[in-house]
Amino acid sequence: THYFIIFFSLQIINCRRCQTYYSLKSVVNLYQPTMASSLIVPPSGPVTAHCFRLQPGDQLMPTLKQAASVVLSRMPPDVCGSAFIITAVGSLQDVTLRLANASRSGAIRQGNAPTDENFIKRYPQQRFEIVSLTGTFSRDDGCHVHISLSDAEGNTVGGHLIDGFVFTTVEIVMGTANGVIFRRVLDERTGYNELEVRQIISNRKRESVLARLSLSAILVVIGFLAGRCRSR
């Protein structure tokens, strides 16, 4: 009987730790108006990979957003609300980037036209190899995608992806993290809708905790009855 009581106590402690852990994750605010880092417990969950290829002539940015929307639509909102690019390889042409320190409303300049300002830049007559492609997507159609490209001479340029067209192929592995949700929330410090990450506490997790407690209670009762029978 003592063993069952000890086992039941350990189960309760473990379940309470689990509930506290996920509750803490669900209320963590990753960004606070302080200089010190406010990251406490990063939301996390198992990752699933979704693999696909884009065809010549496809527009990269709209297709990425559509793929993320389709992937997330296949998953219940209480299970997953985050998508991200794991890896990508391929080639592009007619690419438009927003470079570092560029204005959101800046005019597009062509090629290497000289200017004193860092405008959104379009490369209409150039072909590039994708060196890296990374980004995050949320259910509210929010996204943030960066890309690095290499030209025919090996020169590399990178920035915020506005758009581009597939030249030969783009092979993409997109990931989703169960139990994690991405949202875009206005950050008054930057003036942009920035990423907010939250942990999802689903009904399945709550049901799992209750099931474990119920099983522990049953085992304690059985142990108690068995002990009384032996004492007689």
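Mentor: Before we start, one term: two residues are in contact when they have heavy atoms within 4.5 Å. Also keep in mind that this is a predicted model.

Trainee: Okay! Then which residues is Thr136 in contact with, leaving aside its neighbours within four places in sequence?

Mentor: There are Ala83 and Phe84, then Gly142, Cys143 and His144, and also Phe182, Arg184 and Leu195.

Trainee: And where does Thr136 sit?

Mentor: Thr136 is part of strand β4. Its side chain also makes a polar contact with the side chain of Arg184, at 2.6 Å.

Trainee: Which strand does β4 pair with over 9 bridges?

Mentor: That's β2, and the two run in the antiparallel sense. To see one of the bridges, find Gln93, whose partner in β4 is Arg127.

Trainee: How many bridges link β2 and β6?

Mentor: There are 12, again in the antiparallel sense. Look for Ile85, which stands opposite Met174 of β6.

Trainee: Which residues of α2 are buried?

Mentor: Leu60, Met61, Thr63, Leu64, Ala67, Ala68, Val71 and Leu72. They cover an arc of only 165° around the axis, so they lie on the same side of α2.

Trainee: Why do residues three or four places apart point the same way?

Mentor: Because an α-helix has 3.6 residues a turn.

Trainee: What do the buried residues of α2 pack against?

Mentor: They pack against strands β1, β2, β4, β5 and β6. The face turned away from that buried side carries Gln66 and Ser73, which are exposed.

Trainee: Zooming out, how many helices and strands does the protein have?

Mentor: It has 3 helices and 8 strands. From the N terminus on, the order is α-β-α-β-β-β-β-β-β-β-α. Of the 232 residues in the protein, 36% are buried.

Trainee: Last one: what is the average pLDDT of the protein?

Mentor: The average is 79, and 68% of the residues score at least 70. Over residues 16-36, though, the pLDDT is below 50. In the model, that stretch has 32 contacts beyond near neighbours in sequence.

Technical notes: Residues are numbered from 1 along each chain as its sequence is written. This is a predicted model: local features need pLDDT of at least 70, side-chain atom pairs count only at pLDDT 80 or more; totals for chains, interfaces and linings use all residues. Side-chain values use heavy atoms; hydrogens and water are left out. Two strands pair if DSSP finds at least two bridges between them. Helices (H or I, at least four residues) and strands (E, at least two) are DSSP runs, numbered from the N terminus. pLDDT is the predictor's confidence in each residue, from 0 to 100. Buried means under 20% relative accessible area, exposed over 50%, partly exposed in between (1.4 Å probe, protein chains only). The arc is that of the directions from the helix axis to the C-beta atoms. A polar contact is a pair of N or O atoms within 3.5 Å; within protein, one must be able to donate a hydrogen and the other to accept it, and residues adjacent in sequence count only if both atoms are side-chain atoms.
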